[in-house]
Amino acid sequence: MAETGSAAGRDGVAALCAGVAAPERRYARLAQVRQLTLARPGGSLGQLDTLVQRVAAIRRTSAPGPLTAAVSVLAGDHGVAVHGTSRFRHGLTGGVLRLIDAGRAPVSILAARLPARVETADLGLAEPVGDQRYKIGPGTGDISVEDAMTPDQTVAAVLAGARYAAERLAGVELVAVGEIGVGNTTAASALAARLLGRPAADVTGLGSGVPDDTVRQKAALVDRALARCAGRPDDPLTVLAALGGYEIAGNVGVILTAAARRQVVLIDGAITAVAALLAVRLCPAAAGYLIAAHESTEPSHRHVLAALGQPPLLRLEMRLGMASGAAMAVGLLNGALAVADATATAASAGLTEHR
Ligand SMILES: Cc1cc2ncn([C@H]3O[C@H](COP(=O)(O)O)[C@@H](O)[C@H]3O)c2cc1C
Ligand SMILES: O=C(O)c1cccnc1
């Protein structure tokens, strides 16, 4: 398999990438100058000052102010979960999606407090749940013995994610990117191992909370998956087809579309981070739109964030997925943006600096 997906599909992904222009650094400099005029010591918000400058470059304004946000969760089942790699049974993902849609899942509760609307879609559940307009297939193949998706399904899932983002996530300034999929930390570990050239044991963790012997079994499955596709090209779509999942591919499309629309992309945990890495491998300019909300306990997450050059905003030992870490970070980011926007200037307050 030299290349993944039909020519038309690959053209569609290339068009998504062509729509992404890097953020405009000029606005970061203007925001920095503006910050220095405020009635507080220059640089006193530390990393948050730098973050505000990055958001200024993304939004093309020197004072972006707090951002309107949507929280997005894409869902897909994973064939590899039949080996018992998750705390939960293969196929239970749909129940979690129902809980989110009913407003009773952790992310729904966090989003309601922000407030932010929650959007979800079934891209690859075994049993259909909710909106089926973006559905590509009923769960992936077991990556330890077969490809997760066909080349055409892979490209279709990226493009479905893009369409979902255009139709359901437009009109906000920030997208918190999330996923659910029983078994998807095994897929994320396999993708990270392959994309970063790291051994499975370095990037495999306890996911939803499995015992140590199951973590070792997960690493062995990842090794089998890597051996199965050794020698294949390592272009992002080929790797995604072999080892990924529908919700991961969909999030590649979400990230590229959000970047093209100059939305801030808040990355959640290990599974969305590896989708971001795939998006950046396809389209380097997308990197400028990413902000890493947190670093979860999944060992792959730290390595993938390092490869993305993204320090996490929060380190809380979360391992929940479903955009919950990203939702937690929205308030922090918007707090920094509000301070940058609305603090009095030193001159207006008669506060001149001694040095
Ligand atoms: C009830 C339930 C709620 C969740 N919320 C997030 N995840 C998280 O755990 C899953 C990944 O871990 P693993 O690879 O161990 O299955 C993903 O669904 C992720 O979003 C959940 C998983 C389940 C089952
Ligand atoms: O890193 C994550 O987001 C994560 C970790 C464990 C389980 N689900 C998600």
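Reply: What follows is a quick tour by question and answer. This is a predicted model, where local features need pLDDT of at least 70, side-chain atom pairs count only at pLDDT 80 or more, and totals for chains, interfaces and linings use all residues. Residues are numbered from 1 along each chain as its sequence is written, and chains are lettered from A and ligands numbered from 1 in the order in which they are written.

Me: Thanks. How do the strands of the open sheet line up?

Reply: The order is S2-S1-S3-S4-S5, five strands with parallel pairing. Strands pair if DSSP finds at least two bridges between them. Helices (H or I, at least four residues) and strands (E, at least two) are DSSP runs, numbered from the N terminus.

Me: Which strands stand at the edges?

Reply: S2 (117-124) and S5 (290-292) do. Each has a single partner strand, so one side of each is left without a neighbour in the sheet. From one strand to the next, the twist averages 25 degrees.

Me: How many bridges join S1 to S2?

Reply: Seven, and S1 covers residues 69-76. Serine 72 has glutamate 119 in S2 as its bridge partner. For leucine 74, the partner in S2 is alanine 121.

Me: How many residues of S2 are buried?

Reply: Seven of its eight. A residue is buried if 20 or more other C-beta atoms lie within 10 Å of its own, exposed if 12 or fewer, and partly exposed in between, with C-beta atoms placed from the backbone.

Me: New topic: helices. At what angle do H3 and H13 pack?

Reply: About 80 degrees, with the axes 9 Å apart; H3 is residues 47-59 and H13 is residues 324-342. That makes H3 roughly perpendicular to H13. Angles of 65 to 115 degrees get that label, under 35 is roughly parallel, over 145 roughly antiparallel, and the rest oblique. Axes are lines fitted to C-alpha atoms, for helices over the stretch in contact, and angles run from 0 to 180 degrees between N-to-C directions.

Me: Which residues meet there?

Reply: Leu48, Leu51, Val52 and Val55 in H3 meet Leu333, Ala336, Leu337 and Ala340 in H13. The contact has eight nonpolar, no polar and no charged residues. Contact needs C-beta atoms, placed from the backbone, within 7 Å. Ala, Val, Leu, Ile, Met, Phe, Trp, Tyr, Cys and Pro count as nonpolar, Asp, Glu, Lys and Arg as charged, and the others, Gly among them, as polar.

Me: Now the ligands. How many residues surround ligand 1?

Reply: 19, and the closest are Ser86, Thr185, Gly207, Ser208 and Gly321. Being near means a C-beta atom, placed from the backbone, within 6 Å of the molecule or strand. The largest share of the shell, three residues, comes from H7.

Me: And which classes make up the shell around ligand 2?

Reply: Two nonpolar, seven polar and three charged residues. Among them are Asp268, Glu298, His301 and Arg319. His301 is also one of the buried residues in helix H12 (residues 299-308).

Conventions:
Two residues are in contact if their C-beta atoms, placed from the backbone, lie within 7 Å.
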